[in-house]
Amino acid sequence: VEKLIKELPSVPVDWPNGYRNSAAKDHLSNGISLQQTENSTSLRETQSMLLERIASEMNRLKFYMAHGQNMPFIENMEKRIQSASLLVDTSLGHCFVDALEHRDANAIYNCLRAYAAIDGTRNAEEIFRSTVVAPFVEKIFDNSSGIDGESADELEQDYKRIKQHIEDDCKFLLHISSRENTGLHVFSFPANSILNEVLSAIQKRKPGAFSPGRPTEFLKNYKSSLDFLTHLEGYCHTRSAVTKFRAEAVYIEFMKQWNIGVYFSLRFQEIAGTLDSSLTVTSLVPVQSSSSDPKHSQELLLKQSTCLLDCLRSCWQDDVLVISCSDKFLRLTLQLLSRYSNWLSTGLAARKSGNLGSNASSEWAVSAAPDDFIYLIHDVHHLVTEVSGNYLGHIIGLLRSCSSEVLDLVKQSILESGNSLKDLLPQVMNSIIDKLVQKSVEDLKQLKGITATYRMTNKPLPTRHSPYVSGVLRPIKTLLDGQRATTYLTDKIKNELLQSAAIEITGRYNELATDLVSVARKTESSLQKIRLGAQRRAGASSDFSDHNVSDTDKVCMQLFLDIQEYGRNLASIGVEAANIPAYRSLWQCVAPPARQNSISF
């Protein structure tokens, strides 16, 4: 090794001054002075070839040292070996720098093989970093602070310029070191030279780029960084090289700078907090429509619903989503849907019981008018359709790289959440129906006056329906004929509301009328069963005679006339009275014997 070191030519004059004037030159010079000549390339190549041979011998020497380290004669040679190793390292470093500056491919190749032989890959990577990479990275960051309107900590433009410099200044070396079957796979210039320098520069010059406290800027920098890493991986020509790149300590350290956990926590608070704030108001808040067309009914109508959809979409927006946290964003999506469903179901329960208790967030439901629930019905339908359709499709598209099993689970979980919301629709409709029934019952209370009208009086058999009948179905007609229902409810929903409300009202009608008849008959049993002298009035039903007509008969006749009119009113709004069990029961209770088996108006 000492003999070969003495054969090395002296340092050429075109080497950098820093190296030419170094103390190492005194050790390497054998007294021969060379001028810069046209054969400088040949000189570099000769030096590099000799250094590769020296490195091979040095490798053998170190091997022998390792196996005979406790032998006295080895110990006596230790200083000579260390001195020779230092001279080889220094000389190889000078030759490698010179080869890099002149882009001498053959000399670079020989130097890299020499470094590989003496296990000096880190030295080669550090020289490449300091000689080639550091200057252009420093220049880029010197000129990058907040130019072109970008944030002072923004990295996208820096990465763009760095990529161009890698193409111009680094590609030649990366190409040499990636040749197959050369033994140069031990080097990791993309990681330990380029990425290492870039990481150091960001930490020193733009440390705010790593701060998740500004989520939007943080995510932009994070995605730009991932793109930069992908660009570096493009110089790894085998799968094993990519694996090695990702396993490097500097790669792991670089990824640790991006605290994705904190970023997600901030996004969670931001998104979930926005929805929660909208659901704690004490009333339903209509959205001011941007369209003057009342038929423009495809948009959501309540700010609470709009806020939910906005929050759901935020979870999967490009400027929010981190694909590696997609499981957390999916969980947040399901939590948002659950929060809205819980807000709705809790409010409906409070309205039904009429008791807020300690849950002030349900006040909106107690104070809401039936018309307001039309908005809710429309919005729930719209949300379920959107979540189960376009929204789900968007998520599946983003996660298309996942296995079909994972995609099926994602799809199932979102559809289940959508169905849970859809399952609340009957409760929303019942809230409307309950209020309509309550208003209708106010008119039905006038039934009690019928017995007072005919008890112990000489009034003849009634010939027309009572005035109250026309008001029984008025609340339904008013609601469904109103602008909100006409604009925002589908025909199917309106029909469901109509049929359900009609059934409920008819049920209450049947209960009240049946009780009335029952009371009348009990009262009649304690009085004279047959009244004499009742005269048949003009236009009275031929089924009855005014002779021997009881008060109960008159009450039943009045109720019969009333339910006939009620049946006609049902038909006018599209409800078949005969299909309602309670109506049939009421008919049989008050109709004359000859008419009981045939319902007609």
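The model is predicted. Its mean pLDDT is 86, and 87% of the residues reach 70 or more. One is residues 11–38, which still has 42 contacts in the model beyond near neighbours in sequence. The other is residues 291–297, with 8 such contacts.

Now the pockets. The largest pocket has a volume of about 380 Å³. Its lining has 22 residues, and S177, S178, H185, F187 and A241 lie nearest the centre. Helices α9 (156–177), α10 (189–205) and α12 (239–247) each supply at least two lining residues. The largest share comes from α12, with 4 residues. By class, the lining of the largest pocket splits into 9 nonpolar, 10 polar and 3 charged residues.

The second largest pocket has a volume of about 300 Å³. Here 13 residues form the lining, with R351, K352, N430, S431 and D434 nearest the centre. Two or more lining residues come from each of α16 and α20 (425–444). Helix α20 gives the most, 6 residues. The classes in this lining are 4 nonpolar, 5 polar and 4 charged.

Finally, helix α15. Which of its residues are buried? They are Q304, S305, C307, L308, L309, C311, L312, S314 and C315. The cover over the buried residues of α15 includes α14 (260–279), α16 (326–353) and α18 (370–398).

Key: Residues numbered from 1 in each chain as written. Predicted model: local features only at pLDDT ≥ 70, side-chain atom pairs only at ≥ 80, totals over all residues. Heavy atoms only, no water. Buried < 20%, exposed > 50% of the residue type's maximum accessible area, 1.4 Å probe, protein only. Contact = heavy atoms within 4.5 Å. pLDDT = per-residue confidence, 0-100. 1 Å grid on protein atoms, 1.4 Å probe; cavity = no way out; pocket = protein on both sides within 12 Å on 5 of 7 lines; lining within 4 Å. Points joined across faces, edges and corners; volume = space filled by probe spheres on them. Nonpolar A, V, L, I, M, F, W, Y, C, P; charged D, E, K, R; others polar.
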